[in-house]
Amino acid sequence: MSIKIGTLILKSRVYVPPMAGVTDLVFRRIVRQVDPHCLLSTEMVSSRSAMARPQARIMDLAADEHPIGIQIFGHEPDIMAEAALLAEKKGADFIDINMGCPVPKITKGKDGCALMKEPELAREIITTLKSAVFIPVTVKFRLGWDDDSRNAVEFAQMAEEAGASAVTVHGRTRQQLYSGKADWSFIGLVKKSLSIPVFGNGDVFEPQDAERLLGVSGCDGVAVARGTLGNPWLIPRITRYVEEGVLDDPPDDIERLIVAYRHCLGLVAYKGPRVGINESRRHLTHYTKGLRHSAPFRSRLTQIKEADEALSILVELSERLGGKDARQRFLVGVQNDYLEYGKHPGEWHGNSEGCVQPPVDLDSIAPVAEP
Ligand SMILES: Cc1cc2nc3c(=O)[nH]c(=O)nc-3n(C[C@H](O)[C@H](O)[C@H](O)COP(=O)(O)O)c2cc1C
């Protein structure tokens, strides 16, 4: 049965939820290339910053990304409502409110998971946003602040009453951060107490984990975050496994390296060489994790200064993995990417960090309405 988030009807039960510093436009387009239907989200966006810099690209969506939500955080209902309106104008299919972020920088105000300690303020935020926008409003939160205050069930009921159209629940408390194991049974208690769709979240790294989470919790869908790092193929593999019971093989090593390089090129092209390379280092190490013989290559990838360096390291690694044929296949795959991205990174002549270059087909970016 398909999941309905308000008026939005989903063709997939799998969701790639917000990850700050990860789920940017380049990452999302790679996910979209391998999975046409999963639900996507932007990184979390500060509602205050969005209002101060409405032209910032963090809310930019490409035309082929839907269904996609924009996640906002904050604690001031009126400012959040304005940010939600902006997100709606940018073309989001839904607004997700972050009530689960555990990071002290965020919670020390009343943002993120701190709102689980202020359910009345959280209610006011949801109702205010709900009446400000036409698109559905969803909420993402944890089991509670700590083990003595696991209030996810009551919190979720409040969210539904206030007008939320779906919730995503990470099966840990704020105090746990990422320690211990996500408690899928507790997420099941939330699911049982609501009539809106619930996405269960936490510790899904293989298709079989997703199936178990759905079984244990009874959730409508599953949200998969860290498992997608360097591994966007996990999403279509989960879809196939939970829908058809078929366990597809992960991609082979060379395919992985081709996409790793594509990701690096995309970041350089979209964010400029300095930021793009900086962010690429982390992604490249994720893509190469677990590959045979890759440790020394990975340590070199953490120090690259330009995309051409990544290219030569990945060429060497492909040869180490599968000899001359593998090297040739990698180069042919990458050559196709040059065509796709339009420019060899070595020929990138942009002089501004803010410059937008391919791979983003600028014509395909949803028009940005001026607020
Ligand atoms: C690098 C990183 C950034 C994250 N940023 C956000 C965020 O912006 N908003 C949010 O609601 N959750 C964020 N999360 C939490 C994830 O969405 C997810 O709830 C959590 O990682 C548990 O799921 P997982 O076990 O599948 O990773 C982030 C997680 C990671 C690893």
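## Ligand shell and helix packing in a predicted model

By class, the residues around the ligand divide into 10 nonpolar, eight polar and four charged. Here Ala, Val, Leu, Ile, Met, Phe, Trp, Tyr, Cys and Pro count as nonpolar, Asp, Glu, Lys and Arg as charged, and the others, Gly among them, as polar. The shell holds 22 residues, and the closest are P18, M19, M44, A225 and R226. A residue is near a molecule if its C-beta atom, placed from the backbone, lies within 6 Å of it.

This is a predicted model: local features need pLDDT of at least 70, side-chain atom pairs count only at pLDDT 80 or more, and totals for chains, interfaces and linings use all residues. Residues are numbered from 1 along each chain as its sequence is written.

The protein chain has a mean pLDDT (the predictor's confidence in each residue, from 0 to 100) of 91, and 91% of its residues reach 70 or more. Residues 339-371 have pLDDT below 50; beyond near neighbours in sequence, this stretch has 54 contacts in the model. A contact means C-beta atoms, placed from the backbone, within 7 Å. Where pLDDT is low, the predicted coordinates should not be read in detail.

Helices (H or I, at least four residues) and strands (E, at least two) are DSSP runs, numbered from the N terminus. Helix α3 (residues 77-89) packs with helix α5 (residues 119-132) at an angle of about 35°, with the axes 9 Å apart. Axes are lines fitted to C-alpha atoms over the stretch in contact, and angles run from 0 to 180 degrees between N-to-C directions. On the α3 side, the contact uses P77, D78, M80, A81, A84 and L85; on the α5 side, E124, I125, T128, L129 and A132. Eight of these residues are nonpolar, one is polar and two are charged.

Helix α7 (residues 184-192) has W184, F186, I187, G188, V190 and K191 as its buried residues. They pack against α6 (152-162), β8 (166-170), β9 (198-201) and α8 (207-217). V216 is found in α8. Leaving aside neighbours within four places in sequence, V216 is in contact with W184, S185 and G188.

S131 lies in α5. Burial counts other C-beta atoms within 10 Å of a residue's own, placed from the backbone: 20 or more is buried, 12 or fewer exposed, in between partly exposed.

The C-alpha atoms of S131 and A81 are 8.6 Å apart, across 50 residues of chain.

Methods: Two residues are in contact if their C-beta atoms, placed from the backbone, lie within 7 Å.
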